[in-house]
Amino acid sequence: MAAIEAGKRGRRTLILDHADRPGKKILISGGGRANFTNLHTTSENYLSENPHFARSALARYTPQDFIALVEKHNVRYHEKTLGQLFCDRSAADLLNLLLRERADANAALELDTQVLSVASSDPNSFTLETSTGTLHTESLIVATGGLSIPQMGATGFGYDLARQFGLAIVEPRPALVPFTLNPDDKARWCDLSGVSTEVVVSTLPASKKKPTSRSFREKLLITHRGLSGPAVLQISSYWQPGQPISIDIAPNREIFAPLLAPQARRDSYAAAATIHKLLPGRWAERWLDIHPPNAPKDLTNQAIATLEQQLHAWTLTPAGTEGFAKAEVTAGGVSTAELDPRTLESRKVPGLYFIGEVVDVTGWLGGYNFQWAWSSGFCAGQSA
C-alpha cells in the first residue's frame, strides 16, 4: 500500500520481501477470504499506549476508500456480522488487486531478498546491504509486521531496526490469541473441545489499582487446551498474566425466571431442563455436574438466584495464552511517541517510517488490523 502511493507520486519505489511469494498472510486471513476492513472502524477499535494515535491515519484513508479500490477491481465482497467485509471468492482476489495497483504505480518487487544491515549517516539517506546487493535510498518504510505466526516467516527484524536507530519499543506480546487453562480447569472443561456458545467475556481487575471495563460479546469455543472463539480472542488483547476473566454464558437473559412464576415446577429436574435449553448437550451436563441444582423439594428463591448468578459470572484465571504461534496479531511494537501520526515518519530519523503491525497499534478482531495496514501504508506512501 505504501509503495503504491509513493509510486503514484512518481517516486522510484522498491519493495523488499524476504518471502518467496507476496502476501502470504493475506492469503490465509479470514479463513482464506480476507476480512479486509470493517465498516465501523474508529480509533476506539485499537489498543495502543496512545489510544488516539490511529485517528489521523484512519481519517485520511477510510474503510470507504479501500472499498472503492476493491470495487474498482470488480472484486465481489459481502458483509458478515458486525461490519466485517470479506471477499466472496478468495483472499487471492485481494492480493491480486494490490499487485495490479503496484504494477500500475511502477513499484518494483524483489522476493527472496534478505536485508542484512541498514546504515544512515545523513538525514534522508540510507544504505541497505541485502542478499542481492547494496541499495541507497532517501526514504525507508518498515512494514515487517510483528512476531505472530512465525511459521509464516514473522521475525523481530522491525523492532531490531527501530532499536538500532534509538526508537523506543513497547514490549511485544501475543494478541487475538486463545487462552490456555491450568491443570484443574483443563481437566474440568477441555474434554468438551469443540463445543461453543455465545457469551460476554470480561476482564476482571487483578488488583484494585487496575480496574477494567473491557467486555466482548461473541462466541466462545472450548479447545483441547483452553478457550478460544471470537470473544476470547478479543479479550486476550487486553488480558494481563494472572488476571481473572468473567464469562456470562446467558447474556441479557434471565434463564431461571420461568421457575419463579406461580405454579411453576421448581425442582432439580426443572432447573436441569432449563440449562439444557441454554447450552449444548455435553456442556449442559458438565455444568450441572459442577453446579448441581440439588434440593430435597422445591428450590427456594435464593437457590434459584444463585443458579442464575453462576451463569452470569463464571470466573476463570487463564494459565496463559497459546503464544505467538497461534496469535493473529502482535500487540506492542514501535512506540507511537516516536512517530508522526499524520505520516508515520520517525520524529528522530528523517526519512524512516514504520507502518502496520510493527507499530504499537493493535486492532480488534474483524478487519480492523487490515484497515490499519491500508491507512498507515497510505499515509507513509503519501509522505515518503
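Reader: Why is L82 called exposed in this model?

Author: Happy to start there. This is a predicted model, and in it L82 has a relative accessible area of 51%.

Reader: What makes the backbone of L82 worth a look?

Author: Its phi is positive, about 55 degrees, although L82 is not a glycine. Most residues other than glycine have a negative phi. L176 also has a positive phi without being a glycine, at about 50 degrees. L176 has its place in the loop between β11 and β12 (179-180).

Reader: Is L176 buried or exposed, and how do you know that?

Author: The relative accessibility of L176 is 1%. Buried means under 20%, so L176 counts as buried.

Reader: Why is R21 called partly exposed?

Author: R21 has a relative accessibility of 46%. That value falls between the 20% and 50% limits, so R21 is partly exposed. R21 sits in the loop between β1 (14-16) and α2 (24-28). Leaving out residues up to four places away in sequence, R21 touches L27 and L111. From R21 to H40 there are 19 residues in sequence and 32 Å in space, C-alpha to C-alpha.

Reader: What makes F36 and Y77 an edge-to-face pair?

Author: A search of the whole structure finds 17 aromatic pairs. For F36 and Y77, the ring centres are 5.8 Å apart and the planes meet at 85 degrees. Centres within 6.5 Å make a pair, and planes over 60 degrees apart make it edge-to-face, so both conditions hold here. The pair links distant parts of the chain, with F36 in strand β2 (residues 35-38) and Y77 in strand β4 (residues 77-79), 41 residues apart.

Reader: How do you know whether F36 and Y77 are buried or partly exposed?

Author: F36 has 0% relative accessibility, under the 20% limit, so F36 counts as buried. Y77 has a relative accessible area of 26%, which lies between 20% and 50%, so Y77 is partly exposed.

Reader: Why does the pair of F53 and W372 count as edge-to-face?

Author: The F53 and W372 rings are 6.4 Å apart centre to centre, with 65 degrees between the planes. The distance is within 6.5 Å and the angle is over 60 degrees, so the pair is edge-to-face. F53 lies in the loop between β3 and α3 (55-60) and W372 in helix α12 (residues 368-383), so the pair ties together parts 319 residues apart in sequence. Both F53 and W372 are buried. Ring pairs also join F53 and W372 with Y46, F216, Y238, W364 and Y368 in a cluster.

Reader: Why does T343 count as buried?

Author: T343 has 14% relative accessibility, under the 20% limit, so T343 counts as buried. Its place is in the loop between β19 and β20 (352-354). The T343 side chain reaches the backbone nitrogen of E345 at 3.2 Å. Beyond its neighbours within four places in sequence, T343 is in contact with Y353, C379, A380 and S383.

Reader: What lines the second largest pocket?

Author: The second largest pocket holds about 310 Å³ of space. Its lining has 18 residues, and L47, S48, E49, R173 and Y238 are the closest to its centre. Strands β3 (46-47), β11 (169-175) and β19 (329-334) each supply at least two lining residues. The lining divides into seven nonpolar, six polar and five charged residues.

Terms used:
Residues are numbered from 1 along each chain as its sequence is written. This is a predicted model: local features need pLDDT of at least 70, side-chain atom pairs count only at pLDDT 80 or more; totals for chains, interfaces and linings use all residues. Side-chain values use heavy atoms; hydrogens and water are left out. On a 1 Å grid over the protein atoms alone, a cavity is a set of points where a 1.4 Å probe fits but cannot get out, and a pocket is an open set with protein on both sides within 12 Å along at least five of seven lines; lining residues have an atom within 4 Å of a point. Grid points are joined across faces, edges and corners, and a volume is the space filled by probe spheres set on the points. Helices (H or I, at least four residues) and strands (E, at least two) are DSSP runs, numbered from the N terminus. Ala, Val, Leu, Ile, Met, Phe, Trp, Tyr, Cys and Pro count as nonpolar, Asp, Glu, Lys and Arg as charged, and the others, Gly among them, as polar. Buried means under 20% relative accessible area, exposed over 50%, partly exposed in between (1.4 Å probe, protein chains only). A polar contact is a pair of N or O atoms within 3.5 Å; within protein, one must be able to donate a hydrogen and the other to accept it, and residues adjacent in sequence count only if both atoms are side-chain atoms. Contact means heavy atoms within 4.5 Å. Rings of Phe, Tyr and Trp (its six-membered ring) pair if their centres lie within 6.5 Å; planes under 30 degrees apart count as stacked, over 60 as edge-to-face and the rest as tilted.
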